Every structure is written in structure tokens, then in C-alpha cells.
Amino acid sequence: MKISCSACSKKYDALKTEGICPYCGMHATDQQISLSQENDRVKGGSATEVLRSYLNERLRRQRKQSPLRQKKIQIPLCIFMVAALIGLGLWGNHYYNTRRDYYTSRRSTAEVATEHYKLGESVVIGNVNIQITGSRIREDLQSKVTGGFKILEVTYHDTGAAGRDRLSDAYVRTADGCTAKSLERYDACELLGITEQQYIDSEYEGGVFSSYTDTGSDHKLLFAVPEKENTHTILLFKTTNFHSDDKRVEACCEFTLGEGAGS
């Protein structure tokens with residue numbers, strides 16, 4: 001602690017100069033030196049207590065700290081998480097490739113046999129006889145179609161089955177080899193201007209179905225085809241294990257129809 005010199009009034013640390021003022025050489029009194037020594041002991045003691053309190057608080061916080069925040073735990077945990085993410089990525093890639101190959105092997109028609117049929121001939125799909133009975137261009141719907149297309153309506157008959165099953169999707173193939181699926185319920189309702197219930201009660205279908213009857217039923221399919229084409233090929237597909245999820249495409253059934261044939 002600094003004191004003021006009684007001669008020049010300047011402040012200095014009496015303990016460092018042994019009580020002699022460095023400015024004028026005046027010696028401090030014994031009382032001043034004793035007071036300086038006492039204050040220095042108090043300050044030193046206070047600093048020691050502050051340091052001890054700080055260290056105790058830090059130790060207390062460390063004892064309360066979660067084990068997951070300790071480096072010896074964090075490093076192995078990070079390594080495990082990175083390994084788990086890499087493993088998950090490898091497993092996901094393997095699963096995707098396996099499912100893709102599975103789907104392709106059962107749904108691809110690239111290497112399946114092709115069977116050719118004429119209008120009026122029957123084909124057995126899922127133990128049900130399907131017969132395409134006619135086709136026509138719906139001139140009355142032309143005003144609702146844009147983009148160089150027209151609507152082809154195809155009729156077929158099934159012989160009935162023990163239940164109503166979707167036997168096959170139906171496609172039309174264009175002259176340049178492109179295929180288009182038959183119109184599903186929503187698009188057909190909008191095109192025909194009818195409600196969903198009216199669609200359900202009608203003969204229109206979004207694919208080839210069996211009817212839950214002993215005598216079978218007549219059905220209708222709608223296709224959007226290029227306006228300039230007059231000959232159309234309808235594609236249906238036979239599958240193995242029809243009532244199983246493990247299906248494979250067995251054959252592609254082609255029906256070549258001239259415009260207005262059987263109408």
C-alpha cells in the first residue's frame with residue numbers, strides 16, 4: 001500500500017523503499033510503515049481467499065458437468081456416430097438397389113414374350129377371359145381435347161370371377177412406339193362431365209377388371225391418342241402369381257385396332 005510523504009506529499013510504496021521517499025529522501029514514520037504492512041497482509045489474504053473460492057467453484061462445476069461433455073467421452077461418441085451414418089448410407093444404397101432390381105425384374109416388359117390378338121379374340125388374364133369387343137373415336141368429346149389429341153374408347157368384356165380384381169393396366173401404343181395409360185377416374189370424370197359416383201355406376205374403368213358376377217360384364221376404357229393416327233395397339237399384361245405380391249410380367253398381349261373397328 002502506498003503512503004504520502006510528509007515532506008513532499010508524493011505517494012510511494014514504503015515497503016519497497018524501506019520507508020525512504022524516493023522523491024525527497026524523507027524517512028516514513030514507524031506508524032506509516034506499520035499501517036502499510038498491515039494493509040498488505042489484508043490484501044494478500046483477500047486475494048488468496050478469492051483464488052481459493054474461484055478454484056472451489058470451478059471444481060464444483062466440473063463435478064456437476066455431464067459425462068457427455070467430457071472429451072474422453074465425446075471423441076468415441078463422435079466416432080461411433082460418424083460410423084453409424086456411414087453404415088446407414090451404405091445400407092440405404094444397398095436396399096435401394098435391391099428393391100429397384102426386384103421391381104424391374106417383375107415389372108419390366110423389355111424381355112417378355114409378346115402375344116398377338118385380333119378384335120373379338122379372348123385372352124386369359126388372372127384366370128379370367130378378357131375379350132376386346134370394339135373401339136371408336138369419341139367425336140363428341142373432341143371439343144374438350146387440345147394439343148393434337150383425340151379420345152379413343154375401347155370396350156371389353158370379362159367372363160366374371162369370384163371377386164373384383166384389377167387384372168392388368170391398359171396402354172395404347174402410338175406409331176412411334178410411345179405408350180400412354182388409359183385415363184383414370186379423375187381425368188375421365190372431368191372429360192365426361194360426370195361425378196365420381198356416376199363414373200362408378202357406369203361401365204368406365206381405369207384398367208382391366210374382373211366383375212363379381214357369374215356372367216361377366218362389359219367395360220369401357222378411354223385413351224388420349226395422337227389426332228393423326230388411325231391404327232392403335234392396345235397392350236394388356238399377363239402376370240404370374242396373380243394373387244400374390246411376388247408378381248412377374250409373363251406376357252404382353254397386343255390387340256391391333258383400326259379406327260372405328262367394331263363400333
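When I say two residues are in contact, I mean they have heavy atoms within 4.5 Å. Keep that in mind, and let's start with His219. Leaving aside its neighbours within four places in sequence, His219 is in contact with Val154, Thr155, Tyr156, Asp158, Glu203, Glu205, Phe209 and Ser211.

Quick housekeeping before I go on. This is a predicted model, where local features need pLDDT of at least 70 and side-chain atom pairs count only at pLDDT 80 or more, while totals for chains, interfaces and linings use all residues. Residues are numbered from 1 along each chain as its sequence is written, and side-chain values use heavy atoms, with hydrogens and water left out.

Back to His219, which sits in strand β11. Strands here are DSSP runs of E with at least two residues, helices are runs of H or I with at least four, and both are numbered from the N terminus. Is His219 buried or exposed? His219 counts as buried because its relative accessibility is 4%; the cut-offs are under 20% for buried, over 50% for exposed and partly exposed in between, using a 1.4 Å probe and protein chains only. Its side chain makes a polar contact of 3.3 Å with the side chain of Glu205, and it also reaches the backbone oxygen of Ser217 at 3.4 Å. A polar contact is a pair of N or O atoms within 3.5 Å; within protein, one must be able to donate a hydrogen and the other to accept it, and residues adjacent in sequence count only if both atoms are side-chain atoms.

Pairing takes at least two DSSP bridges between two strands.

Let's walk in from the β4 end. β4 covers residues 122-125, with Val123 and Ile125 on a covered face and Ser122 and Val124 on an uncovered one. As a rule, side chains in a regular strand alternate between the two faces of the sheet. Four bridges join β4 to β5 (residues 128-137), running antiparallel, and Val124 has Asn129 as its bridge partner. The two strands make a hairpin with two residues between them, and Gly126 in the turn has a positive phi of about 60 degrees. Next, β5 pairs with β6 (residues 149-158) over seven bridges, again antiparallel, and Gln131 stands opposite His157.

Now the inside. Which residues touch the most other members of the largest nonpolar core? They are Ile130, Val154, Phe223, Ile234, Leu236 and Phe255, out of 23 residues in that core. By nonpolar core I mean a set of buried Ala, Val, Leu, Ile, Met, Phe, Trp, Tyr and Cys residues joined through side-chain atoms within 4.5 Å. β5 gives the most to this core, four residues. A second, separate core has 11 residues, including Leu141, Ile151, Tyr199 and Leu222.

To finish, the whole chain. The protein chain has four helices and 13 strands, and 29% of its 263 residues count as buried.
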